[in-house]
Amino acid sequence: MDEEPERAKRWEGGYERTWEVLKEDESGSLKATVEEILYQSKRKRVIESHGQVRLGMMRHLYVVIDCSRSMEDQDLKPNRLTSTLKLMEAFVDEYFDQNPISQVGIITTKNKRAEKLTDLAVQMYCVCVCLCCFTASPGNPKKHITALMKAVDTVCVGEPSLYNSLNLAIQTLKHMPGHTSREILIILSSLTTCDPANIYELIKTLKSLKVRVSVIGLSAEVRVCTVLTRETGGSYHVILDESHFKELLMLHIKPPPASSSSECSLIRMGFPQHTIASVTDQDAKPSFSMSHLDSSSGPGLSLGGYFCPQCHATYTELPVECKVCGLTLVSAPHLARSFHHLFPLQAFIESPVENLQGDRFCQACQAELKDKSVFSCPSCHSVFCVECDLFIHESLHCCPCCIYRQTAP
Amino acid sequence: MKLNIEGLLVYFPYDYIYPEQYSYMLELKRTLDAKGHGVLEMPSGTGKTISLLSLIVAYQRAFPLEVTKLIYCSRTVPEIEKVVEELRKLMEFYTKETGESNNFLALALSSRKNLCIHPEVSSLRFGKEVDGKCHSLTASYIRAQHHSNPNLPVCRFYEEFDSVGRQVPLPAGIYNLDDLKAFGRRKGWCPYYLARYSILHANIVVYSYHYLLDPKIADLVSKELAKKSVVVFDEAHNIDNVCIDSMSVNITRRTLDRCQNNVDTLQNTIHKIKETDAAKLREEYRRLVEGLKEANVARETDIYLANPVLPDEILQEAVPGSIRTAEHFVGFMRRFLEYLKSRLRVQHVVQESAPQFLKDIFDKVCIDRKPLRFCAERLQSLLRTLEIADIADFSAVTLISNFATLVSTYSQGFTIIIEPFEDRTPTIANPVLHFSCMDPSIAIKPVFQRFQSVVITSGTLSPLDIYPRILDFRPVTMASFTMTLARTCLCPLIVGRGNDQVALSSKFETREDFAVIRNYGNLLLEMSAIVPDGIVAFFTSYVYMENIVASWYEQGILENIQRNKLIFIETQDAAETSMALEKYQEACENGRGAILLSVARGKVSEGIDFVHHYGRAVLMFGVPYVYTQSRILKARLEYLRDQFQIRENDFLTFDAMRHAAQCVGRAIRGKTDYGLMIFADKRYARADKRGKLPRWIQEHINDGSLNLTVDEAVQLSKHFLRQMAQPFRQEDQLGLSLLTLEQLESEEMLQKITQIAHQT
């Protein structure tokens, strides 16, 4: 994909047989490798995401991290837990970047119990040093990240409990308003679960509450997870290696399509202007940021900030729910950032390389087109290689050639 | 879809077809064309049944005079039901495609226990009770008595069937057991007798092996089936054992005691009848003088299937004078019984051939060979004459008389072994007389001779050439089919060493070795940590399993395993085992994960399928050789060597490997399924063992996975399981292992299909 991930050193890797990867269908195509199938599905994902679907943009996501004994397995370096937490940090960052009006909470499960590491609503009121410009990350995931960093030292013992963790997540999720998308993402390393009651009953409850449960397995396919995800409409993936793990995790950053049965409602939102008052200004009155009231740290008193258009409470950062009048305060760029999910770039047309006239160079990376097929933009007809096609669709979200034509005369 | 198989139009009820199914049908058609027998091996889960049915039904429709009937033999009732369901699907497809309802009659037949609708009789629990009770309500003389004395109970369903049921044939359609029962209830007819009567004109009959192979039952049920039939034995990898079991007799003291009672009852009844109705006995005597001519006529005109218990020569002769009258016969049986009792009073093991036995019996109690041969037939006649209703009570004397007939008829192929005690309990006297059949071809010979085509098929028949040899027939086609796969969904690994390089083996010398047991435990422990849901582990015998499990318990291995998964154990008790199995499946379903410890050749290894999560890995601890010290086995091996030139070792290995293949084959039940197959014994790596595995397993064993250590196996398994957990959809299979009609007809694919069948 975009960059070849930092692979573990050869000697650090497990017992692998590299020659078997090379053994690709010498007898026709009887032994299509799993890699081939994976590649196809990767392409498919790009194509699939281009329907005009309603997306659940306001997400309430609980991430359940398995901290059982099996997390100490060293097949991910240095061990599964550290590796997972590291990826989670990146995930949380990226998640808030792409879903600014969403929330996340983290649950860990070990020793047959489940406990909350961070709560769902935390993001809105998190303590942070505010950087007063729009480009910086507004929904600051710092609290999650510190919690995750701390969790590295936890001892992994016992078995996980799917039932308990799902139950814990439900307790909070069921109070969330109906128009938001309720999700649980489970990162499961263990192959067993120790449940106090019949989990199939719980699955029914989840289904009726419209909670989507997705699972990323770290070792192998477990039946109960297959049923769980199938019933609740989530996805179930098992990692192959670290880079694949990352890829799978990043899949969950995109907002899922909202189910047609979920409620629709209009939400009142406020778009507060940021006012910067200099100390010399006589009219300026210092005020306490409302988000700092319940915290012990950080500077509380400041001159400028975001003022709620309804009640004029001050906030140092957005997005936030006004503590006084309950209005959701966001800034326009936040909404804009979710825009590409709703109006994605059209899929490029795949065609065999033989049909291509003229130069066989990719318009983006300028490399020679060597693969069997090339991809062309339906509006400007520029030709790209498969790598660039994926990059454009997954990261850029706009065709560089179209942009260039628009700006250039 | 509609297929063209070498000019034959075959309707196939699915939109997609596996390449091997097409290839299988090709071979099957060639077998039918040649009017010969065939041996076909195709992995389970690749749609063997539907391929068989589609082709043969198409053949029947195209050449109604060449093939009149399909007799499909399966092992268990659920399997029979499955076949009927597939057939129903096929027939619905026919109706849809051709637009006309076809007049095919297909039905399943099972025992009275499964078909009876009489309120009292059907509530009985055991098959024998049901049979006996049924007989006491439907026997001809009971019914005759009923006319004079209406208070005597009879079965109204049978009466109804007898009066009208025979004139009106069963309407065309597909009937499984429940359908037959429902039909019977509606009409008030006995479904069992209706089914037995209807199989004579049905196009397709689905029933158990025993109706064709067991001489006692075959004589009643199958002897009038048309010669131009195709007989299919499904899951036939154990067919030789079924044949042998159906011909063998075991006599214990208990049998003799019960037989004694039977003879006494007979004596009394004769006595009574003599006073009341002497004419009846005289009539019987007259009939016996004329001999078994009727039976002979029937056989000559080739209406009946030959009965191996009733050999040809007997039919030529009349019943000898010494047992013609009823009293003489009872006296004769008494003498024979006393002789057997004296034989069972031995202190050491005796093994002798049938001629030796006959000579001995002549010397000791002056019983000639000739009257012995008529024993079975004479007893049947007597029971009929005496109008004894409840035949179930007379099973002991029937058994003894069958034994008498068999022992005096066959001088070869049988052996008599008298053991004073069991090997495991040498102190407890429990004498057994084994009259054991060593030649499976005796029981199956009439089938091969009578029917036009006999097809033997199963998922594991390798090596194919041994079956024609031990069953003594000449097949026109022998083929083994592989499974075409879009992804390699099976992963056979041979683990030959522990992590400490100790060779793993269940062979006798190292069986008690501490290091081997520990390493086996280690293997299971490591596997339990990486394989999701269910693992099935097979041991070579119950004794071996008990030893190992006890040892694991002492070493604390069991405790460690239980942290990962629950453990269930198969025992010799059927109820306990089915309970364990149920809980095992529940644990797999709930994500707790479970291990089932069971035994090769046990109930679990044969009939139970572990689809998907119920069996993600199968471990085979050791090579499941049969218990070689058994005298019966030794005699059989000797016989095989002398008669069929099969070396002992070849047969033993063949037998062990077919059971191993059966065990590991439990895990893969289709193309979307996946599973690990772990052979934990270094002997599997040898070419002579490996070469006897079915081809579809063999081709996935590469040289790299021959002699792995536990660690290496764990690494490979981990990788395999992750690969298999990747999403796999139907589209991925299309064109490779799943074909549409267009894809099938492409030149390139037809080329490839020819390579699937592996002729031997």
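**Figure 1. The interface of chain A and chain B.** In this predicted model, contact between the two chains involves 36 residues of chain A and 40 residues of chain B. The area buried between chain A and chain B comes to about 3,300 Å², and carbon and sulfur atoms give 49% of that area. The size of an interface is often expressed in this way, as the accessible area lost when the parts come together. Across the interface of chain A and chain B, 10 residue pairs are in polar contact, both residues being at pLDDT 80 or more. On the side of chain A that touches chain B, the elements giving two or more residues are helix H2 (34–48), helix H6 (199–208), helix H7 (223–232) and strand E6 (236–238) of chain A. H2(A) gives the most to this side, with 6 residues. Divided by class, the side of chain A that touches chain B has 16 nonpolar, 12 charged and 8 polar residues.

Figure 2. Side chains of opposite charge can pair when their charged atoms come close. Over all chains, the whole structure holds 45 salt bridges, and 6 salt bridges are found across the interface of chain A and chain B. Lys718(B) forms a salt bridge with Asp75(A), where the closest N and O atoms are 3.7 Å apart. This pair crosses between chains: Asp75(A) lies in the loop between strand E1 (59–66) and helix H3 (80–98) of chain A, and Lys718(B) lies in helix H32 (residues 710–724) of chain B. Lys718(B) also forms a salt bridge with Asp73(A), and here the closest N and O atoms are 3.4 Å apart.

**Figure 3. The packing of helices H13 and H20 of chain B.** Helix H13 (residues 253–276) and helix H20 (residues 395–409) of chain B pack with their axes 7 Å apart, at an angle of about 105°. H13(B) and H20(B) are therefore roughly perpendicular to each other. From H13(B), the residues in contact are Thr255(B), Leu256(B), Arg258(B), Cys259(B), Asn262(B) and Val263(B); they meet Ser395(B), Ala396(B), Val397(B), Leu399(B) and Ile400(B) of H20(B). The residues of this contact comprise 7 nonpolar, 3 polar and 1 charged.

**Figure 4. A cis peptide bond in chain B.** Ser462(B) and Pro463(B) are joined by a cis peptide bond, for which omega is about -10°. Pro463(B) is found in the loop between strand E13 (453–458) and helix H22 (466–471) of chain B.

**Figure 5. A positive phi value at Lys35(B).** Lys35(B), a residue other than glycine, has a positive phi, near 55°. Lys35(B) is placed in the loop between helix H1 (19–33) and strand E3 (37–41) of chain B.

Notes. Residues are numbered from 1 along each chain as its sequence is written. Chains are lettered from A and ligands numbered from 1 in the order in which they are written. This is a predicted model: local features need pLDDT of at least 70, side-chain atom pairs count only at pLDDT 80 or more; totals for chains, interfaces and linings use all residues. Side-chain values use heavy atoms; hydrogens and water are left out. Contact means heavy atoms within 4.5 Å. Buried area is the accessible area (1.4 Å probe) that two parts lose on being put together, summed over both. A salt bridge is a side-chain nitrogen of Lys or Arg within 4 Å of a carboxyl oxygen of Asp or Glu. A polar contact is a pair of N or O atoms within 3.5 Å; within protein, one must be able to donate a hydrogen and the other to accept it, and residues adjacent in sequence count only if both atoms are side-chain atoms. Helices (H or I, at least four residues) and strands (E, at least two) are DSSP runs, numbered from the N terminus. Ala, Val, Leu, Ile, Met, Phe, Trp, Tyr, Cys and Pro count as nonpolar, Asp, Glu, Lys and Arg as charged, and the others, Gly among them, as polar. Axes are lines fitted to C-alpha atoms, for helices over the stretch in contact, and angles run from 0 to 180 degrees between N-to-C directions. Angles under 35 degrees count as roughly parallel, over 145 as roughly antiparallel, 65 to 115 as roughly perpendicular and the rest as oblique.
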